[in-house]
Amino acid sequence: MFDRRGLLLSAGALAAAGCSPRGGGDAGAASLLNVSYDPTRELYRAYNTLFATHWRDTGQGDATVEQSHGGSGKQARAVIDGLQADVVTLALAADIDAIAERGLLRRGWADSLPDNACPYTSTIVFLVRKGNPKAIRDWPDLVRPGVQVITPNPKTSGGARWNYLAAWGDAIRRPGATEATATAYLTELFKHVPVLDTGARGSTTTFVQRGIGDVLLAWENEAFLAVEELGADKVDIVVPPFSILAEPPVAVVDQNVDRKGTRPVAEAYLRFLYEEPAQVLIAQNYYRPRNQAVAQRFGTRFPQLELATIGDFGGWTEAQAKHFADGGVFDRIYQPSGA
Amino acid sequence: MSAARRSAVRGAAPFVIGVGVLWLALVVLLPLGMVFAEAFRRGLEGFLQAFDEPDAWAAVRLTLLVAAISVPLNALFGLAAAWCISRYEFRGKALLTTLIDLPFSISPVISGLVWVLLFGTAGWFAPLLDALGVRVIFTVTGLVLATILVTLPFVARELIPLMQQQGADEELAALTLGAGPWAIFSKVTLPNVRWALLYGVLLCNARAMGEFGAVSVVSGHIRGLTNTLPLHVEILYNEYDFVGAFATATVLAGLALVTLLIKSLLEWRFADELAATRRH
């Protein structure tokens, strides 16, 4: 009763599945896949609509953009393994470098757009329980006895690597600091981390929804969003005196757009991020815009603070090799049984 | 057994039953109730909002499609494997039986990852796939492969013990009476195992629709394209849409309950026949 019909059914379904789920696309209807990191979900949902309108208004036809989100390192890995991204919008340059190393896009990708191909910036701030009961104001407060810190895993999460470098940057600028004291500070810091999630969004839900920890090290935009989505009566944002300028870059994946013939729309998609309407949207979604006029308009939203840059660490290649590669500083200092 | 001891055993019965019921309530009913309670936290309107999204329906369709492909294939494989193992003696039979069980014992993450290692850009078959212009990983094909691997043992595991126990006597009798292979299969073998087959298919189906780990690895998480229901639940949860996440989860729970309902209905409808088969 089962087999003959089942066989026919499955053969038909296999044939259907064998077809690529997204058609090659006729002229006029472009389809892009943007592979991004965790906290940009809301930003790109809004931006994709804005871009589609722009693309149609300039007489270029319809453009739909599909989204995929996850930890930045994990997403880079997926693109390397064959996820057909037209553009990647990741948390840090090292992850796009990793894709470039496999030859999917050219190594000089950061020069093809203004500001090192980072159309927006952010920084790392603290999210604490309402009223800041543990009085956490600065980086040394994080390692006080009884303070639990939530941050994702630097191996898989881009945000976690910015968190780590901000902490290192603060430790190394203290009077009399050496590499040894900075390493000691980070060793102590990770002893205060009870859960290492794989992505920034996972850490935010751990902190806010599951109520674990006293302080969350978070992207500024993620912290604002958590307050907006989950209520200002639950958490407060604390801006430390010193942090890091986080620059999330964007790039076209050359090999994929050339095969799919989507290069013009993919490049336009990234370039339009720098235009004023997009920059306003970026600021509305709590990322710091590059456009100074737009930044002024949202002035009070983004407090000024002293910021290290990735240049202080010798660039991402060097920071990645020293701190996050296998056998790097993070591997030496992190013992999972701690806390 | 002495009378005293017998009454002690009987006296313990309510206690043992009570512990069983309590345990079930704690680990099955409570979480299930939680899913529904969370889904309706903002009332019916909040619940329905979760299905206002085309992505949610795309996830439902994809989940059903993946199950519709994987389950029949595994049913065919399960029948074939059980036939081989229960009717023939051959070298490597023990190895084959162990291999069928393997997907039960390896972690689903590995079941997903092996396909990436085989068919990913740096995988063994990458040059071949490139030449053919076919993509496997991060498409529906990849989801189907991962699901098939994870759900492979369900039908075979139900059929093998039954077919071994039944033996080949009835089939041999049919053969001596002049029945052809197809007649033997459709008139003797299949009717004898159809309950076990049905049960295996239902279990296989439930797992195919609910699988998370393996499909998460090969999905690529593209909204509306490669997100199955369990992955869609995770995405909604990560977007602070807790009501939406649990509302979608009720669809999964609903599909599982429908599966159970079909099984119970069939068992009730064919109760006599079932009792007769069991007597074998």
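Student: How much area do domain 1 and domain 2 of chain A bury between them?
Tutor: About 1,200 Å², with 61% of it on carbon and sulfur atoms. Buried area is the accessible area (1.4 Å probe) that two parts lose on being put together, summed over both. Pro39(A), Leu92(A) and Pro248(A) supply 36% of what domain 1 of chain A buries there, more than any other three residues.

Student: What kind of model is this, and how are residues numbered?
Tutor: This is a predicted model, where local features need pLDDT of at least 70, side-chain atom pairs count only at pLDDT 80 or more, and totals for chains, interfaces and linings use all residues. Residues are numbered from 1 along each chain as its sequence is written, chains are lettered from A and ligands numbered from 1 in the order written, and side-chain values use heavy atoms, without hydrogens and water.

Student: Where do the two domains of chain A run?
Tutor: Domain 1 takes 25-118 + 248-274, and domain 2 takes 121-246 + 303-333. Such bounds come from an automatic or database domain assignment. The C-alpha centres of the two domains are 27 Å apart.

Student: How many residues are in contact across them?
Tutor: 16 residues of domain 1 of chain A touch 18 residues of domain 2 of chain A. Contact means heavy atoms within 4.5 Å.

Student: How many salt bridges cross between those domains?
Tutor: The count is 2. A salt bridge here is a side-chain nitrogen of Lys or Arg within 4 Å of a carboxyl oxygen of Asp or Glu. Elsewhere in the list of pairs, Glu42(A) and Arg201(A) meet in a salt bridge at 3.3 Å, N to O.

Student: And how many polar contacts?
Tutor: The rule finds 4 residue pairs across the chain A interface, both residues at pLDDT 80 or more. A polar contact is a pair of N or O atoms within 3.5 Å; within protein, one must be able to donate a hydrogen and the other to accept it, and residues adjacent in sequence count only if both atoms are side-chain atoms.

Student: Which elements give two or more residues to the domain 1 side?
Tutor: They are α2 (41-57), α3 (72-81) and α4 (93-101) of chain A. The largest share, 4 residues, comes from α4(A). Helices (H or I, at least four residues) and strands (E, at least two) are DSSP runs, numbered from the N terminus.

Student: What classes of residue make up that side?
Tutor: It has 7 nonpolar, 3 polar and 6 charged residues. Ala, Val, Leu, Ile, Met, Phe, Trp, Tyr, Cys and Pro count as nonpolar, Asp, Glu, Lys and Arg as charged, and the others, Gly among them, as polar.

Student: Switching to chain B. How many helices and strands?
Tutor: Chain B has 14 helices and 0 strands. Its C-alpha atoms fill a box of roughly 65 × 60 × 35 Å along the principal axes.

Student: Which domains does chain B have?
Tutor: Domain 1 (1-39) and domain 2 (44-278). Their C-alpha centres lie 31 Å apart. The contact takes 5 residues from domain 1 of chain B and 7 from domain 2 of chain B.

Student: What area is buried between them?
Tutor: About 570 Å², with carbon and sulfur atoms giving 83%. Val35(B), Glu38(B) and Ala39(B) supply 71% of the area that domain 1 of chain B buries, more than any other three residues.

Student: How many salt bridges cross there?
Tutor: The rule finds 0. The domain 1 side has 4 nonpolar, no polar and 1 charged residues.

Student: What does UniProt place at residues 60-267 of chain B?
Tutor: The unreviewed entry gives "domain: ABC transmembrane type-1". UniProt positions use the numbering here, feature names are shortened, and annotations may be inferred rather than shown by experiment. That span is 80% helix and 0% strand.
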